[in-house]
Amino acid sequence: MFERVADYKLSGTGSSNFGGTRRAEVITRKDLPIRVLSECIRRCAEDRTTTQHVPQCRSFDFLPGKRLSPVPAHEGNDVSSARNGVVAEYEDSSCYLYYDQASPDGMETLVQQKDVWHFNEICITSSKVSTECSNRLYVMERTPGFRFEGTGDREVFAVNRTDCESKCINEESFKCRSCSFDRAGSVCRLSRETKAMNPTGFASDANSDYMENLCLSGSDLCSATALILEAGKELEGAYERDLFSVRDFKDCSDKCIHSLTERGFMCRSFLYYDKSKTCVLYPDDPVGDAEGPEAQKPLKPSTGDLYRLFCGTSDRDALINNLTFECYRRKRLDGPQQAETKSYSFQECLDECMRRYSRDCRSVEYSSRYQSCRFSRYDGGMKPSLVDDDFYDYYEFKWCSMGGGSASWPSGGGSSASSGAWPSGGGGMGGGGWVSGPPDGWTSGWTSSGLFPSVGVPPPPPGAVLPPWAGPHFGWPALPPLIGPHSAPGPLFPPPPPPPYPPIPPPELCGKSGGIGTFKKVGHGMRLRSHFIIRVVRAETLPDCERACMETRDFACLSFNFRSFFPDNCELSDQDSHLVQIGSPLYFELDTQFDYFEREPTGVSPGCLD
């Protein structure tokens, strides 16, 4: 099997000199780059079966050729057998096969070279390679000189880098998406995350190598996938890996999303020509983790549209699954935003907007240079104009599924009460945002009264406790009513529910002579729903989260959700089991990565708060 090292080649004296004196063979073809690459992998692998007394291929460099011919101007959405493979003319794609490998596997060295892929043969000691990813052109993507530290990582001893890669593929206790090998200490760090999921954990380290595991299913790598639209643009350079005709936009997006299992490589962006129904797949994200405009891969004007895959695995990413949002590069809104916060990555920024506004989130501005995240939830009225800013990108959400080449707001740009329910695919509900849908026995969709219809809905399970504002049809609104004067109001979407029961006053504050509050874990794997969360803070440890709750003075903090990894890991609330029913799916998400804690005053009267 092989590992890919992007933008590197085996040592040479110049940009046109490859491999020194240990070069075995050169393969050059004017063909689709993916076909040339497949032939190079086959030739190098076959060479390993020759007699041991003959030098054998151990690595190679791949230089893909650029497309020369324009995209066919065919119109229509039929895909005949003649059009399944679009005829396109390419420059030469070349492979340089070598008898040697880069250090420490061999005597050569790797040097950086833009738009070149280096492939190194590796010996993985895992049966999964043949049973779960035998069709992969390569099973690992390696970045030399970098390490990654994610949340909940596991460190193990490894003899060498290949041993570390094998341990990641063989890991059974969790999905190992990436690993880092420290040569100085022979330490292998296995991680659930990748650099795209947690950019702050990705750092330069001359003694380390970072690898991403491609011997996983697409759903394991990305449990939720959204598209970032770059309208009228395409990648400039020799980045294309596959080109073919499709029936429609969805067919093209599906080809990219399932490319790992169907085509043997990871598609991270694609180009779609609506007029000719042509699809081009790229293995790279033009932005990726680049910081600043000078570090990003170049784009050029196009008659097609470029779509970048946004891969998510966190709980809240289910809300954006199958959705599209448009990117305006180096742009920001000309005017104040509704909120601004510090975020260490675009994914954190997106998660925070979804946490606060759910599907009312309309746009996000993010700057990796300033680690600044800004939100907007304008309601379909006149949008502020965009102005140039080299260090901000503006993203506008298109709340529709990936079912067509263009995206648009629901009619009227307002709530589902006026324009119908949101399209399916996001898995969430307007306003409050049930991440995984309503609990069993309930349905989604709004009636004019703001309650769920009772037609075809089974009665509640025995002993079910409904919230006091539930209507005669056993439904509930997107946002619960205000229970106490300290509760945070949510957006008025959909229309407000019927009047709630009389509000319950908050607990009294304890006097100076009172005891110190303590906390107990009330629900393992339970997470109080976002309707009841007043504030979210970042806490290094559980005691830090407890302290944040105890030191709050602008509202009476009675409970919190906590998980051990970032972001958004400490969620404070003014509710407790006196006001919400423990374990009820109306109040809690179940089987999550969070635990639910409640405050217990000691040495003072019940209900008072220090």
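**Notebook: cysteines and their links**

I noted that the model is predicted.

**C44 and C57.** I looked up this pair next. C44 and C57 form a disulfide, with 2.0 Å between their sulfur atoms. I checked the torsion about the S-S bond: it is about -90°, so this disulfide is left-handed. Then I placed both ends. C44 sits in helix α1, residues 33-47, while C57 sits in the loop between α1 and β3 (59-63). The pair therefore ties together parts that are 13 residues apart in sequence. Both C44 and C57 are buried.

**C349 and C373.** I moved along the chain to another link. C349 is joined to C373 by a disulfide, S to S 1.9 Å. The angle about the S-S bond is 80°, and the link of C349 and C373 is right-handed. I found C349 in helix α7, residues 346-357, and C373 in strand β22, residues 372-376. I logged C349 and C373 as buried.

**C549 and C557.** Here the sulfur atoms are 2.0 Å apart, and the two cysteines form a disulfide. I read -110° about the S-S bond of C549 and C557, a left-handed link. C549 is buried, as is C557.

**C179.** Which cysteine sulfur is nearest to that of C179? I found that of C164, 4.0 Å away. A disulfide needs the sulfur atoms within 2.5 Å. C179 is in no disulfide. I also checked its accessibility: C179 has 1% relative accessibility, so it counts as buried.

**C327.** My last entry is C327. Its relative accessibility is 5%, so C327 counts as buried too.

Note on methods
Residues numbered from 1 in each chain as written. Predicted model: local features only at pLDDT ≥ 70, side-chain atom pairs only at ≥ 80, totals over all residues. Heavy atoms only, no water. Helix = DSSP H or I, 4+ residues; strand = E, 2+ residues; numbered from the N terminus. Buried < 20%, exposed > 50% of the residue type's maximum accessible area, 1.4 Å probe, protein only.
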